[in-house]
2 protein chains.
Amino acid sequence: MTDMTDALSLERQVCFALAVASRSVIGVYRPLLQPMGLTHPQYLVMLALWEQAPLSVKELSKLLQLDPGTLSPLLKRLEAIGYIRRRRDSQDERVLVVTLTAEGRELRSEAERIPSSVVERLGMDLEELQELHRSLTRVIAAANGAHR
Amino acid sequence: MTDMTDALSLERQVCFALAVASRSVIGVYRPLLQPMGLTHPQYLVMLALWEQAPLSVKELSKLLQLDPGTLSPLLKRLEAIGYIRRRRDSQDERVLVVTLTAEGRELRSEAERIPSSVVERLGMDLEELQELHRSLTRVIAAANGAHR
DNA sequence: GTACAATAATTGGTACACAAACTATTGTTG
DNA sequence: CAACAATAGTTTGTGTACCAATTATTGTAC
């Protein structure tokens, strides 16, 4: 039996730690992404596209677990800076096909340095990060199972 | 030596898992907080105040690791719904003293049910959650140390 | 083959989140 | 004490993030 006397204590809240950790780590990425003109969510979209392109908004939405309403303006900004192209699918005019431009593809080599740079700045063992990753994967699965 | 051939793979990005986990877990809180009229960040502010009040904006900012510019409008909304009061310190007119209203204090008993409810909906062991919490605490420390 | 449901994006509204500029007050120094 | 630095909040601008409503297109039934 766990002590529940102070269940509302700020420090015990996993949700609080999650939110702070997420913002903090994004803060580590920020100066590294800035030279490329990318925000963190935009970087995640680029990662998805480097792995597989083209992708529709719906597919991106599923991969990144982001609302289409969030992605829509974000993708327009990525197009405005010239990393992606947005077109309607000729087969199905409802879907928007997102592809990489030459610039967008070239950015990849520059982005390759980021992960190791982040790990270095964090100064954590890969071991620990992998453990964290495993824990996070479990919570994500649990949380996604929780509200449906 | 770890395999670095696909360091940019979306699934390997701890930052991605962190962002998704954070949003997902907040999504579990959402329906529980809605009846009280609170968003998750607002809930965190209330948690801080239930632990200790009054608190200044600066103190809240430090506790929650949130920008004062984020807290400022958030606190106005909390005041608008009647859970807190905002006053200038008579000793030092620069600082804003945030206190709880009677309503805000009473809300605590209702909020007591939330943590266990979230844990239940997640369906995870407390053990696992504690391990996650420890990992998160380490990343937060690492990330906060990284950019200064 | 036309009404109707389903699907894919976009839009509008509210609320973070952060950086930079600004205001007001307090502290400090010559 | 007057000039100036430091501090505490607020404001502004940009960019997520989610929800609900809307638009446009496609699929389905009758």
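This briefing covers the fold, the surface, the symmetry and the aromatic pairs of the structure above. The model is predicted. Chain A has 7 helices and 3 strands. A rotation of 180° superposes chain A on chain B, with an RMSD of 0.0 Å.

**Fold of chain A**

- The order of elements along the sequence of chain A is α-α-β-α-α-β-β-α-α-α.
- Helix 1 of chain A spans residues 14–33, and helix 2 of chain A spans residues 40–51.
- Along the principal axes, the C-alpha atoms of chain A fill a box of roughly 60 × 40 × 25 Å.
- Take the contacts in chain A with a separation of 6 or more: 47% of them join residues 24 or more positions apart.

**Burial, surface and charge**

- Chain A has 148 residues, and 48% of them are buried.
- Chain A carries 19 positive and 19 negative side chains. The centres of these two sets lie 7 Å apart.

**Symmetry of the two copies**

- The 180° rotation that brings chain A onto chain B has 0.0 Å of shift along its axis. The copies are therefore related as by a two-fold rotation axis.
- The same surface serves both copies, as 100% of the contact residues of chain A recur in chain B.

**Aromatic pairs**

- In chain A, the ring centres of A:Tyr29 and A:Tyr43 are 5.8 Å apart. Their planes meet at 45°, so the pair is tilted.
- This pair links distant parts of the chain: A:Tyr29 belongs to helix 1 of chain A and A:Tyr43 to helix 2 of chain A, 14 residues apart.
- A:Tyr29 has a relative accessible area of 4%, so A:Tyr29 is buried. A:Tyr43 is at 0% and also counts as buried. The cut-off for burial is under 20%.
- In chain B, B:Tyr29 and B:Tyr43 have ring centres 5.7 Å apart. Their planes are at 45°, so this pair is tilted.
- B:Tyr29 lies in helix 1 (residues 14–33) of chain B, and B:Tyr43 lies in helix 2 (residues 40–51) of chain B. The two are 14 residues apart, and the pair links distant parts of the chain.
- B:Tyr29 counts as buried at 4% relative accessibility. B:Tyr43 is buried at 0%.

Terms used:
Residues are numbered from 1 along each chain as its sequence is written. Chains are lettered from A and ligands numbered from 1 in the order in which they are written. This is a predicted model: local features need pLDDT of at least 70, side-chain atom pairs count only at pLDDT 80 or more; totals for chains, interfaces and linings use all residues. Side-chain values use heavy atoms; hydrogens and water are left out. Helices (H or I, at least four residues) and strands (E, at least two) are DSSP runs, numbered from the N terminus. Buried means under 20% relative accessible area, exposed over 50%, partly exposed in between (1.4 Å probe, protein chains only). Contact means heavy atoms within 4.5 Å. Lys and Arg count as positive and Asp and Glu as negative; His and the chain ends are not counted. The place of a charge is taken as NZ of Lys, CZ of Arg, CG of Asp or CD of Glu. Copies are superposed by least squares on the C-alpha atoms of residues with pLDDT of at least 70 in both. Rings of Phe, Tyr and Trp (its six-membered ring) pair if their centres lie within 6.5 Å; planes under 30 degrees apart count as stacked, over 60 as edge-to-face and the rest as tilted.
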